[in-house]
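Hi,

Here is the structure I promised to pass on. Have a look at it first, and then read my notes below.

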Amino acid sequence: MRLILLGPPGAGKGTQAKRLEQKHGLTQLSTGDMLRSVVESGSALGREAKAIMDAGKLVSDDIMIRMISERIDEPDCATGFILDGFPRTRAQAEALDELLERLGARLERCVAILVDEDVLVERLLKRARIEGRTDDNEGTIRTRMRVYRDQTEPLLDYYRERGVLAEVEGLGSVEEVAKRIAAALDG
Ligand code: B4P
């Protein structure tokens, strides 16, 4: 099974992707986690990525497409994967179509987790207190929401037109949201 989890920052993509990974034995491909590893490595690319992420902007399509295409070729992705945080732009979505075509693979579903913006800001500020992520402050969070609306939200139509979109309410407990996603995948 090949899935995309789409949604605004803090909607719970990472949280739900980890559950789906365990339940279905799929590999979670989180571009946010990949970028945070690169930042930790302290490389020149890491320093560049950190500045962009701390500003709430998107790392360039070229870098992200290269990162995902290399990762998708690894053996643990052969039977399926959950994309968490990718694609975030139309160029990334088109690159993913090409990658899937090259692999002879089909995208089963794009699950969009939708949550009201004020709730998201609260969640991310809470995460900032617990995990200390430097991109979880109110100014950056508002920028990330704007970037989502401008660049990522149009992908809902992209996947709706392809007949693979399932929209899921992301408000409620982690368990409740997981049940809604399971129902969307069955349907
Ligand atoms: P990400 O790591 O993808 O960050 P995110 O959108 O904030 O995370 P997510 O939605 O997964 O939230 P989570 O489950 O953790 O990206 C970070 C940055 O990396 C981006 O801003 C960008 O700069 C860069 N980037 C990443 N991918 C890119 C790409 N493809 N192209 C360009 N740049 C890219 O949940 C958030 C919080 O809510 C957690 O604390 C969680 O415990 C809590 N939570 C989850 N579900 C909940 C629920 N049901 N109820 C209450 N709390 C809940």
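Let's begin with the largest pocket, which holds about 1,100 Å³ of space. Keep in mind that this is a predicted model. The pocket is lined by 48 residues, and those closest to its centre are Gly10, Lys13, Arg127, Arg133 and Arg144. Several elements give two or more residues to that lining: the strands β1 (2-6) and β2 (27-30), plus the helices α1, α2, α6, α7 (138-152) and α9. Sorted by class, the lining comes out as 18 nonpolar, 17 polar and 13 charged residues.

This largest pocket is also where the ligand sits. Two or more residues of the shell around the ligand come from each of α1 (13-24), α2 (31-41), α6 (117-131) and α9 (174-186). The top contributor is α2, with four residues. In total 31 residues surround the ligand, the closest being Gly14, Thr31, Lys57, Arg127 and Arg144. That shell splits into 11 nonpolar, 10 polar and 10 charged residues.

A few contacts to look up on your screen:

- Gly14: a backbone N or O atom lies 2.8 Å from an oxygen atom of the ligand.
- Arg36: an N or O atom of the side chain is 2.8 Å from a ligand oxygen.
- Gly85: a polar backbone atom is 3.0 Å from a nitrogen atom of the ligand.

On its own the ligand would expose 1,000 Å², and the protein buries 86% of that.

Then there's the second largest pocket, with about 150 Å³ of space. Its lining is Leu45, Ile63, Arg66, Met67, Glu70 and Arg71, and helix α4 (residues 61-72) gives the most to it, with five residues. Three of the lining residues are nonpolar and three are charged, with no polar ones.

Cheers

Conventions. Residues numbered from 1 in each chain as written. Predicted model: local features only at pLDDT ≥ 70, side-chain atom pairs only at ≥ 80, totals over all residues. Heavy atoms only, no water. Near = heavy atom within 4 Å. Polar contact = N/O pair within 3.5 Å; in protein donor to acceptor, adjacent residues only side chain to side chain. Areas by Shrake-Rupley, 256 points an atom, 1.4 Å probe, with all protein chains shown as cover. 1 Å grid on protein atoms, 1.4 Å probe; cavity = no way out; pocket = protein on both sides within 12 Å on 5 of 7 lines; lining within 4 Å. Sits in = over half its atoms within 2 Å of the grid points. Nonpolar A, V, L, I, M, F, W, Y, C, P; charged D, E, K, R; others polar. Points joined across faces, edges and corners; volume = space filled by probe spheres on them.
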